[in-house]
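Hi,

Here is the structure I promised to pass on. Please open it alongside this email, and my notes follow below.

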Amino acid sequence: MVKRSDRRTEYTQLRAFSASQNVLNQADGSAKFDLGETSVLVSVVGPVEVPLRDEKMDEATVEVVVRPAVGVATTTEKLQEQLLRTAIEPAILGGMMPRTLVQIVVQIVKDDGSVLAAAVNGITLALLDAGIPMKFMTAAVTCMIDGSSNVVMDPTKEELENAVSVHTFAFDNLSTTAHVLLSDSSGQFSQEQYFECHDGCYEAADKVQGFLRVAVESKKQKEYQQIVNE
């Protein structure tokens, strides 16, 4: 048994999930997703009119904006925007909304590690809340390799200080085998270690997918009860 900084007892153990949808009045869809102390707030506006320079004749334009918890956006947030768009765009049925814009804004409330994975999961819930047509749900998990070559799932910010490499993967919920939508790695690692992280994140992503399904079903059940009680 190991003892991690936040009292988890296994390297494969994920932090507790928490989520809520429809939390912002001014957006078409919104969601708050918490992964332990890490928290993100996501808003979705769209489909709306798209600026002419960004218009696509046969599909919707997807725009992702990341706002840090403190200060103004830097190159780190710009990279995160690109990675998030790569992970989320394949999930959206853009062909049903040609010549429109779907704008996604991710506000990082607190970053205690694995914030990129939390953002992917928050975006999935916010898109569903907005009623954006989607092919599948996307779920992401972050892991790291420590100095003793252990694969540590869902690391905290404190644990990341001792990371040799960090890996974030996102997968869909349709494929029977691992279909990678996002693969972001940094640090030094071998090919064997990379695939070990891939397999570990794929297994953990199934738990995230299960939570996302329950969160959406719970919201729909509450909406149904409100309609019945009116």
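The second largest pocket holds about 230 Å³ of space. Please keep in mind that this is a predicted model. Helix 4 (191-229) gives the most to the lining of this second pocket, with 6 residues. Strand 1 (17-21) also supplies at least two. Among the lining residues are Ala19, Ser20, Gln21, Leu125, Lys219, Lys222 and Glu223. By class, the lining has 3 nonpolar, 5 polar and 3 charged residues.

Now the largest pocket. About 530 Å³ of space lies in it. Its lining counts 22 residues, and Thr76, Gln80, Asp111, Val115 and Leu116 lie nearest the centre. Helix 1 gives the most here, with 5 residues. Helix 2, helix 3 (157-160), strand 8 (163-172) and strand 9 (180-187) are also on the list of elements that each supply at least two.

Next, the core. The largest nonpolar core has 58 residues. Helix 2 (residues 115-130) provides the largest share of this core, 11 residues. Leu84, Ile104, Val106 and Leu127 have the most contacts inside the core. What does Leu127 touch, leaving out residues up to four places away in sequence? The list is Val44, Ile88, Ile92, Val102, Ile104, Ile132 and Met134. As background, nonpolar side chains tend to be buried together in soluble globular proteins.

Last, strand 6. Why can strand 6 (residues 138-146) be called largely enclosed by the rest of the structure? Because 9 of its 9 residues are buried, where buried means under 20% relative accessible area. In a regular strand the side chains alternate between the two faces of the sheet. Both faces of strand 6 are covered. Thr138, Ala140, Thr142, Met144 and Asp146 are buried on one side. Ala139, Val141, Cys143 and Ile145 are buried on the other.

Strand 6 has two pairings to look at. With strand 8, the pairing is antiparallel over 9 bridges, and Ala140 stands opposite Ala170. With strand 7 (residues 151-153), the run is also antiparallel, joined by 3 bridges. There, Met144 stands opposite Val152. Strands 6 and 7 form a hairpin with 4 residues between them. In that turn, Ser149 has a positive phi of about 65 degrees.

Best wishes

Terms used: Residues are numbered from 1 along each chain as its sequence is written. This is a predicted model: local features need pLDDT of at least 70, side-chain atom pairs count only at pLDDT 80 or more; totals for chains, interfaces and linings use all residues. Side-chain values use heavy atoms; hydrogens and water are left out. A nonpolar core is a set of buried Ala, Val, Leu, Ile, Met, Phe, Trp, Tyr and Cys residues joined through side-chain atoms within 4.5 Å. Buried means under 20% relative accessible area, exposed over 50%, partly exposed in between (1.4 Å probe, protein chains only). Contact means heavy atoms within 4.5 Å. On a 1 Å grid over the protein atoms alone, a cavity is a set of points where a 1.4 Å probe fits but cannot get out, and a pocket is an open set with protein on both sides within 12 Å along at least five of seven lines; lining residues have an atom within 4 Å of a point. Grid points are joined across faces, edges and corners, and a volume is the space filled by probe spheres set on the points. Ala, Val, Leu, Ile, Met, Phe, Trp, Tyr, Cys and Pro count as nonpolar, Asp, Glu, Lys and Arg as charged, and the others, Gly among them, as polar. Two strands pair if DSSP finds at least two bridges between them.
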